[in-house]
Amino acid sequence: MNRVTTSGSDGLWARIRAALARGAEVREPPYGQAAIARNPNKKSRLAQRIDEELRRGWAYCAERNVSLCVLALEIDGYAGYFSTYGHEAVEEGIETVEMTLASLLPRETDTCLRNGQAGFVLILPDMPALMARDLASKIAAAIRRQGVPNRESHAGLVTLSTGIAVVNPQGKLDRAVLNAANQAVKKAQRRGLARLEIVDLRGRDDKRRQAA
């Protein structure tokens with residue numbers, strides 16, 4: 001293979017390689033590839049926000065010796081919904097759901113946050129379990145009234161299933177309440193559309209304190 005060089009070509013290619021290298025630096029993620037490799041379990045900004053609000057709600061309830069309810073809500077049949085309607089339409093539907101949820105929260109201390117692609121988490125300090133269950137029913141009815149279409153669902157509309165976990169916070173934050181709510185909504189969805197599952201962790205906490 002013949003190789004042809006001309007005067008100054010080495011310098012030209014050096015400048016091109018330098019420019020390409022600078023472009024690669026611009027495209028590198030803010031934390032850098034090395035930092036990402038060192039921190040594979042680094043929480044997303046949304047996960048951090050959920051953790052912060054859960055910690056705040058936990059401290060609020062522990063100080064007042066009242067219960068904390070966490071609601072995990074998820075769009076039923078999200079995979080089919082997304083594949084049929086596409087990203088833009090699905091995001092519009094999710095925004096409608098989010099605004100509906102926010103409008104139903106009764107107090108300033110209540111928080112609604114996105115949770116993954118198809119879900120939300122409500123952190124409700126000082127809310128009895130019966131009130132949380134009533135709120136879940138109001139949410140389900142309000143979402144139906146919005147009439148967001150989903151022809152992949154037997155209901156013909158977007159529906160939400162809900163998992164509720166209730167706990168009496170004591171001491172340091174125990175994230176088991178969030179995990180329990182997330183597991184409860186999965187269990188609810190296995191039973192059908194717009195279902196509700198409740199996990200009461202208060203008895204578990206009482207047993208732990210008696211054992212100590």
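Reader: Which cysteine sulfur is closest to that of Cys69, and how far away is it?
Author: This is a predicted model, so the distance is one computed from predicted positions. A disulfide would need the two sulfur atoms within 2.5 Å. The closest cysteine sulfur lies too far away for a bond; it belongs to Cys61, at 8.6 Å.

Reader: How many disulfides does the whole structure hold?
Author: A disulfide is a covalent bond between the sulfur atoms of two cysteines. Cys61 is in no disulfide, since its nearest cysteine sulfur is that of Cys69, 8.6 Å away. A search of the whole structure gives a count of zero.

Reader: Is Cys61 buried or exposed, and what about Cys69?
Author: Buried means a relative accessible area under 20%. Cys61 has a value of 0%, and Cys69 has a value of 0%. Cys61 is therefore buried, and Cys69 is likewise buried.

Reader: How many bridges join E1 to E3, and how many join E2 to E3?
Author: Strand E1 (residues 68-75) runs antiparallel to E3, with Leu71 opposite Leu122 and Val70 opposite Ile123. Strand E2 (residues 111-115) also runs antiparallel to E3, and there Asn115 stands opposite Gly119. The bridges number seven for E1 and E3, and five for E2 and E3.

Reader: Which residue takes a positive phi in the hairpin of E2 and E3?
Author: The hairpin has three residues between its strands. The phi in question is near 75°. The residue is Gly116.

Reader: How many residues of strand E3 are buried?
Author: In a regular strand the side chains alternate between the two faces of the sheet. On one side of E3, Gly119, Val121, Ile123 and Pro125 are buried, and on the other Phe120, Leu122 and Leu124 are buried, so both faces are covered. The strand, residues 119-125, is therefore largely enclosed by the rest of the structure, and its count of buried residues is seven of seven.

Reader: How far apart in space are Val167 and Val177?
Author: Val167 belongs to strand E4 and counts as buried, at 1% relative accessibility. Val167 and Val177 are ten residues apart in sequence. From C-alpha to C-alpha, their distance is 6.7 Å.

Reader: Why is the pair of Tyr78 and Phe82 described as it is?
Author: A search of the whole structure finds two aromatic pairs. In this one the ring centres are 5.9 Å apart. Planes under 30 degrees apart would count as stacked and over 60 as edge-to-face. The planes here stand at 40°, so the pair is tilted.

Reader: Where do Tyr78 and Phe82 lie, and which of them is partly exposed?
Author: Both are in helix H4 (residues 78-104), four residues apart, and thus separated by about one helical turn. Tyr78 has a relative accessible area of 16% and is buried. At 32% relative accessibility, the partly exposed residue is Phe82.

Reader: At what angle do the ring planes of Tyr81 and Tyr85 stand?
Author: Tyr81 and Tyr85 also lie in H4, four residues apart, about one turn. Tyr81 is buried at 2% relative accessibility, whereas Tyr85 is partly exposed at 24%. Their ring centres are 5.4 Å apart, and the pair is tilted because the planes stand at 55°.

Reader: Which residue lies over the face of Tyr85?
Author: Elsewhere, the charged end of Arg64 sits over the ring of Tyr60, 3.6 Å from its centre. For Tyr85, the distance to the ring centre is 5.1 Å. The residue is Arg151.

Technical notes: Residues numbered from 1 in each chain as written. Predicted model: local features only at pLDDT ≥ 70, side-chain atom pairs only at ≥ 80, totals over all residues. Heavy atoms only, no water. Buried < 20%, exposed > 50% of the residue type's maximum accessible area, 1.4 Å probe, protein only. Helix = DSSP H or I, 4+ residues; strand = E, 2+ residues; numbered from the N terminus. Pairing = 2+ DSSP bridges. Phe/Tyr/Trp six-rings, centres within 6.5 Å; stacked < 30°, edge-to-face > 60°. Lys NZ or Arg CZ within 6 Å of the ring centre and 35° of its normal.
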